[in-house]
Amino acid sequence: MDDVIIIGGSFAGLAGALQLGRARRKVTVLDTGLPRNRFAGHSHGLLGHDHKPPLEILAEARQQLARYPTIRLVNARADSISGTIDDFSVLTGDGESLGARRLILSYGVADQMPDVPGFAESWGTSIVPCPYCDGFEVAGQHWGLVWFRPQSHIQVKLYQHWTDRLTVFADGHDIAPDIRADLARRNIPVVDGRITGIARHGHHNATVKLDTGPDVAVDILFAHPPTKPSASLHESLGLATVDTPLGIVLKVDERRETNIPGIYAAGDLATPGMPSVTTASWQGATAGISAQQSMLA
């Protein structure tokens with residue numbers, strides 16, 4: 001039996017495995033090799049790895065974990081979880097049954113792309129969600145923001161720290177008169193009409209096609225589509241969740257433990273707001289340390 005099974009081997013999961021391996025705990029990491037940021041050419045804001053391809057960072061991390069004999073990395077999907085603290089059972093997609101005293105869930109979330117031609121194909125390059133991840137490289141250029149919900153108004157205020165050239169695309173959403181007045185005060189144009197397509201040009205540039213009016217070209221397009229957990233294991237376990245404007249996330253305490261003893265969660269799966277490899281990494285490390293300390297005799 002493992003001390004800990006980690007489900008999801010991206011930044012959060014591997015950071016947790018590192019702490020557990022250094023504590024000489026026996027840990028298995030299950031991962032399908034499909035991290036959320038696999039579409040991005042570079043990852044930013046992670047100290048020591050700034051401006052490196054995310055898949056390259058993860059590959060290097062897995063190589064570093066190989067020096068710890070108690071860590072096992074398995075390319076497999078977790079299909080089901082049963083049991084309670086000190087006696088959890090995980091059934092993989094390969095039919096293998098694994099046991100562990102503790103669990104860390106770090107299988108992330110999936111972005112729910114709108115049914116707009118070119119949107120999914122441009123995700124991570126011409127269309128991005130996080131200014132902390134990509135804003136510096138396009139600072140001062142013409143940004144576009146796809147309006148998804150009233151909270152998009154907060155993004156407008158945030159983005160003005162990077163650029164004073166911003167266009168809002170209403171995409172059929174009703175924008176309240178007071179918000180429109182504030183956008184006008186900030187000299188931010190609002191383009192009404194629904195988006196019918198995205199044409200990508202080069203690494204960042206995009207042209208937004210509309211059902212009314214001419215196309216609009218921007219240097220980078222920001223969007224925050226809703227997300228959902230990339231697996232449903234938490235549902236069968238009865239884990240408490242929090243419904244946020246961006247989607248459902250797992251509810252955890254300061255130690256990253258869920259409402260079920262012995263089950264921890266880290267990364268985008270338990271983080272409302274903007275994705276960040278830095279946030280995922282420290283949360284994974286916290287979950288690993290917390291799981292380790294919870295097993296002290």
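Two strands count as paired if DSSP finds at least two bridges between them, strands being DSSP runs of E with at least two residues and helices runs of H or I with at least four, numbered from the N terminus. Welcome to a predicted model, in which local features need pLDDT of at least 70, side-chain atom pairs count only at pLDDT 80 or more, and totals for chains, interfaces and linings use all residues. Residues are numbered from 1 along each chain as its sequence is written, and side-chain values use heavy atoms, leaving out hydrogens and water.

View A. Look for I127, whose bridge partner in β15 is L221. The open sheet has 5 strands in the order β8-β15-β9-β10-β11, with parallel pairing. Its edge strands, each pairing on one side only, are β8 (127–128) and β11 (190–191).

**View B. Helix α5 on the sheet.** Helix α5 (residues 152–159) lies across β9 (143–146), β10 (166–169) and β15. Relative to β9, α5 runs at about 165 degrees; angles run from 0 to 180 degrees between N-to-C directions, and axes are lines fitted to C-alpha atoms, for helices over the stretch in contact.

**View C. Helices α1 and α8 crossing.** The axes of helix α1 (residues 11–22) and helix α8 (residues 277–294) come within 7 Å and cross at roughly 35 degrees. By class, their contact (heavy atoms within 4.5 Å) has 8 nonpolar, 6 polar and no charged residues. Ala, Val, Leu, Ile, Met, Phe, Trp, Tyr, Cys and Pro count as nonpolar, Asp, Glu, Lys and Arg as charged, and the others, Gly among them, as polar. Among the residues of α1 that meet α8 are F11, A15 and L20, while the α8 side includes V277, G284 and Q292.

**View D. The second largest pocket.** This pocket has a volume of about 290 Å³. On a 1 Å grid over the protein atoms alone, a pocket is an open set of points with protein on both sides within 12 Å along at least five of seven lines, and lining residues have an atom within 4 Å of a point; a cavity is a set where a 1.4 Å probe fits but cannot get out. Of its 14 lining residues, A15, L18, A61, Q64 and S281 lie nearest the centre. The largest share of the lining, 6 residues, comes from α2.

Key
Points joined across faces, edges and corners; volume = space filled by probe spheres on them.
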